[in-house]
Amino acid sequence: MKINGQFTQLSRITVKLASQSHRSRGYREMERFADELDLAQYQTDLMTMSAITAIRRQFEADAGRKDCRDCGAPIPQARLQHVPRAHRCTLCQERHERRSSPH
Ligand SMILES: [Zn+2]
């Protein structure tokens with residue numbers, strides 16, 4: 001992974017830094033690398049946050065979802081708005097009513 005490569009680079013720079021004085025080339029390199037690490041951390045945070053947002057959206061979508069009692073397919077939102085207590089999709093409801101009616 002990119003991060004692992006950066007840590008390898010970090011330890012290499014740290015070793016170099018130990019043999020050099022303050023404000024040396026190694027020190028500036030270290031500062032620049034610290035900035036790169038901050039950016040990598042920021043990008044990782046962003047990816048984590050968007051993954052969490054996607055999971056939360058899916059969770060909310062699932063929470064408002066109701067599956068048909070007979071076929072298990074999700075009952076369309078339009079039907080649920082029209083018939084909030086619907087337990088079946090339109091097709092299964094019609095089939096159910098045909099079965100229950102004496103005709
Ligand atoms: Zn159904």
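**Notebook: salt bridges, zinc site and surface**

I searched the whole structure for salt bridges and found 3. I took a salt bridge to be a side-chain nitrogen of Lys or Arg within 4 Å of a carboxyl oxygen of Asp or Glu.

Before going on, I noted that this is a predicted model, in which local features need pLDDT of at least 70, side-chain atom pairs count only at pLDDT 80 or more, and totals for chains, interfaces and linings use all residues. Residues are numbered from 1 along each chain as its sequence is written, and side-chain values use heavy atoms, with hydrogens and water left out.

**Entry: overall layout**

I counted 4 helices and 0 strands in the chain, and from the N terminus the order is α-α-α-α. Helices (H or I, at least four residues) and strands (E, at least two) are DSSP runs, numbered from the N terminus. I looked up burial next: 17% of the 103 residues are buried. Buried means under 20% relative accessible area, exposed over 50%, and partly exposed in between, with a 1.4 Å probe and protein chains only. The chain exposes about 8400 Å², and carbon and sulfur atoms supply 57% of that area. Accessible areas come from the Shrake-Rupley method with a 1.4 Å probe; for residues, only the protein chains shown count as cover.

**Entry: the salt bridges**

I listed Arg-65 with Asp-67, whose closest N and O atoms are 3.3 Å apart. Arg-65 is partly exposed at 40% relative accessible area, and Asp-67 is partly exposed at 37%.

I then looked at Arg-88 and Asp-70, whose side chains meet at 3.1 Å, N to O. This pair links distant parts of the chain, 18 residues apart: Arg-88 is in the loop between helix H3 (77-82) and helix H4 (90-100), and Asp-70 is in the loop between H2 and H3. Arg-88 counts as buried at 10% relative accessibility, whereas Asp-70 is partly exposed at 40%.

Asp-70 also forms a salt bridge with Arg-99, with 3.8 Å between the closest N and O atoms. Asp-70 lies in the loop between H2 and H3 and Arg-99 in helix H4, so this pair ties together parts 29 residues apart in sequence. Arg-99 is exposed, with 57% relative accessible area. Shared partners join Asp-70, Arg-88 and Arg-99 into one network of salt bridges.

**Entry: the zinc ion**

Which atoms coordinate the zinc ion? I found the SG atoms of Cys-68, Cys-71, Cys-89 and Cys-92, at 2.3 Å. Donors are N, O and S atoms within 2.8 Å of the metal (3.2 Å for Na, K and Ca); water is not among the atoms, so sites may look incomplete. Along the chain the donors follow the spacing C-x2-C-x17-C-x2-C. The 4 donor atoms subtend angles of 103 to 117°, so the arrangement is tetrahedral; four donors count as such if all angles lie between 85 and 135 degrees.

**Entry: helix H2**

I found Tyr-42 in helix H2 (residues 25-63), where Tyr-42 is exposed at 51% relative accessible area. Leu-39, Tyr-42, Leu-46 and Met-49 form a nonpolar surface patch, with about 430 Å² of accessible area together. Patches are made of residues with over 30% relative accessible area and no salt bridge; like charges are joined within 9 Å, nonpolar side chains (Val, Leu, Ile, Met, Phe, Trp, Tyr) within 5 Å.

How values were computed: Four donors count as tetrahedral if all angles lie between 85 and 135 degrees; four count as square planar and six as octahedral if opposite donors are over 155 degrees apart and all others between 65 and 115; anything else is irregular.
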